[in-house]
Amino acid sequence: MKKRLIGLTIVVTLIIGVFSFSAIAKTTLNILATKPQSAMIDNFGSEWEEISGVKINKIEVPYPVIFDKVMTDFITGTGAFDAICVCAGWMGDFVGGGWIMSLDELMEKYGYPEWEDTAPAIQKVVNWAGKTYALPFDGDCHNFYWRKDALENPVYQVKFEKEYGYRYNIPPKTWEEVKDIAKFFNGWDWDNDGEIEHGIEFIAKRKTQAQWSLMDVAAQYTVLRGKTDKYHGVLFFDPETMEPLINTPGWIEGMKMLQELAKHGPPGLLSYGYSENRITFVKGTCAMVFDWGDIGVMEQDPEKYGSTVKGLVGYSALPGASKVWDREKDKWLYQYNQINFLDFGGWVWIIPKTSKNPDQAYKFITFATNPERSLLEVIGEAYCGANPWRLSHFTDLDGWIDAGWGKESAAGYLEAIQSILEDPEAALDLRIPGTNEYYDYLDLYLSKALAGEMTAEDACKKISEIWENITKKYGRKRQLDLYRESLGLKPLE
Amino acid sequence: MLERAKSKFLVKWYFILPAIIFFIIMIIFPMIWALRLSFFNWHAILGPKMNFIGLGNFYDILKDERFWEDLAFTLFYVGMVVIIELFLGLGLASLLNRKFRFRNFFRIIYLLPMTAPPIAVAALWRMFLQPDLGVINKLLVAVGLPLVKWTTDPGIARISLVIVDVWQWTPFMLLALLAALQSMPQEIYDAAVVDGASPGQTFLHITLPLLSPIITTLILLRAIDAFKLFEYTYGITGGGPAGKTESLSYYIYLRGLSYFDMGYASALSWVFLLIVLGICLFVLKIMRREMR
């Protein structure tokens, strides 16, 4: 009996020991992401765990705190994360501070699934001074959406022409035109559903990325098309002096236009973050909206998002402007100007220098973003907030139709995004250290201008002064060098 | 004998030592560290290099419009919530101190808001107060009243945050004041009735003076807590519209953990601490004088 007991004890101890050892020996990948990007781990994490034997620990935080969480980890050197899904706009902070790995070595070692299949604009976004610092995941840019049953209704078109003296374009060509259309469709039941509808909506709430709404409009009045240099292709700073451009007539005109547009939106527009913006539009409350590609995904899924407008939405790149400010000649050029702007730059995956398992992290991210899986992500079947970014996403129309998209909708949606991502002159978002601070002040004073507490001129002047101070604090030379690097310009002699 | 006394003395110290160590590590050390940081320019995003700038950060605070705007809002908010919650709490406590059916049920119901985490309360009220989609405006419209711009009008948005705070924290006042009312000696009230005092006179000349010490404590506790306003700003308005609901705590958070401007954030924290301390001492002094 005693022998048996000893034997049993040994066996139990061995079993426990083996299990414990295997549990300890199993590599754990700690991956940080916000919602809905973290859904990528839900969608493909377990499949990867089975293939690789690596355990994935998903750490999810809300969007407003992810930057804080990441930077705190970097500064304290904790090394809590192996891979992080971040906004491409923060690359300036991460690369400038030397916190993240260049991925060129890993790409060479393990290869990358179809790099040529990545849209040129996205390759630009993940690149910094000739090196790849992030893995693509999302093709972010703002699109313009409109209700076809409103704007394409011939009766309304005639009525509009009578009132405004011209026939509008579909899609609207300029923001001036958008303003008139928004005014026309604001405050009456144009879809006969018994509810009052509104003209236009956009993200306007403080601390919910409203600054990008302003950039969509201001870029059209500020950025001159052409190869990036002192006077072309730049939106934020003079790339030779680091002087802010926000107090130039182009930005001021953009802010004034946004103030005008806000008058033709829902009464609670100033409380619209991206959630409210998307949900209300797909519920059919507005004639026009501009936002990221997510609206298309939500529009196509009545079951999940309560969309009442499936198939009734038109898509295009952002409208342009009828004039643009020429800084070189210091005057308005009265010509059509349309700029594609890569708002936010998209969500990308980075590997911190403190990552304990960079190889495994790289392998998992490339596994989950290969052509097949990324298609499922962007069409909404494995929705995780990603919009089309691979060239194959634009050509595989059947994949979209199989996922429940209408043929016309899928074609229009893809054409709009592709035209932006394939534009070699698309303007890049700000990517220098302190971007969060520059943008927070832009957001704050935009909020004051939209609430009628400040004129556009005063708000732009104030932002310009504050941006100057931020640049001084970070060091003008350093910021200038990094700004030029982020634009792909050579350092100044 | 001496040995025994000495060991008794040491035992006492052993018991309080963990608390002292905890206090030093978690409170004293961070405070001193933050004070030291406030004399440096340190953008942590760029790495560990810090530049000593003396009183530069404090000088910048004096010129910082955003600091003064946020301080003004924070003071307005604290003043409003403390006064409203005190009076409402006092009224409700007097009501619940009487005997009536379902008294215990109401006592529990009133305490419920206080048990919810403030960030969850913020998420809930953000939905309630949304001007186009929120349930409050839907109800107002249903009874024929106009829409209220709860979170989009700069003036009304400030009041909205006060309403949320009052909803959540009046029960705290109620609970403490009810406990105080229930511990009052009945004989004094009996004597007042014999002397022909009206209910109003009884309240003004007996209840209120007896409640003064607890009221002072409650005002201080609520004021200190309200000064830390963060969750409602963060969760309901994001500081908007027009930055009108940005509290000083939220600004410090942005400076420190969003811009990673650690030196300036530390200086702001110290200034904030001194302001709160000064105001609390001032209020305490006045209340004590009144009580005398």
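Me: What makes A:Trp175, A:Lys179 and A:Ala182 in H9(A) part of a contact, and which residues in H11(A) do they meet?
Reply: They meet A:Met257, A:Glu260 and A:Leu261 in H11(A). Two residues are in contact if their C-beta atoms, placed from the backbone, lie within 7 Å. By class, this contact has four nonpolar, no polar and two charged residues. Ala, Val, Leu, Ile, Met, Phe, Trp, Tyr, Cys and Pro count as nonpolar, Asp, Glu, Lys and Arg as charged, and the others, Gly among them, as polar. The model is predicted: local features need pLDDT of at least 70, side-chain atom pairs count only at pLDDT 80 or more, and totals for chains, interfaces and linings use all residues. Residues are numbered from 1 along each chain as its sequence is written, while chains are lettered from A and ligands numbered from 1 in the order in which they are written.

Me: Why is H9(A) called roughly parallel to H11(A)?
Reply: The axes of helix H9 (residues 175-185) of chain A and helix H11 (residues 249-262) of chain A cross at roughly 15° and come within 9 Å. Angles under 35 degrees count as roughly parallel, and H9(A) is therefore roughly parallel to H11(A). The axes are lines fitted to C-alpha atoms, for helices over the stretch in contact, with angles from 0 to 180 degrees between N-to-C directions.

Me: What is the handedness of the crossing of H9(A) and H11(A)?
Reply: That crossing is left-handed, a term used if the near helix is turned anticlockwise from the far one by less than a right angle.

Me: What makes strand S3 of chain A mostly covered?
Reply: Five of the five residues in S3(A) (residues 83-87) are buried. A residue is buried if 20 or more other C-beta atoms lie within 10 Å of its own.

Me: How do you know that S3(A) and S13(A) pair?
Reply: Two strands pair if DSSP finds at least two bridges between them. S3(A) and strand S13 (residues 347-350) of chain A have four bridges, in the antiparallel sense, and A:Cys85 stands opposite A:Trp349 in S13(A).

Me: Why do S2 and S6 of chain A stand at the edges of the sheet?
Reply: The open sheet has the order S2-S1-S3-S13-S6 (chain A), with mixed pairing. S2 (55-60) and S6 (135-136) each have a single partner strand, so one side of each lacks a neighbour in the sheet.

Methods:
Helix = DSSP H or I, 4+ residues; strand = E, 2+ residues; numbered from the N terminus. Parallel < 35°, antiparallel > 145°, perpendicular 65-115°, else oblique. Buried ≥ 20, exposed ≤ 12 C-beta atoms within 10 Å, placed from the backbone.
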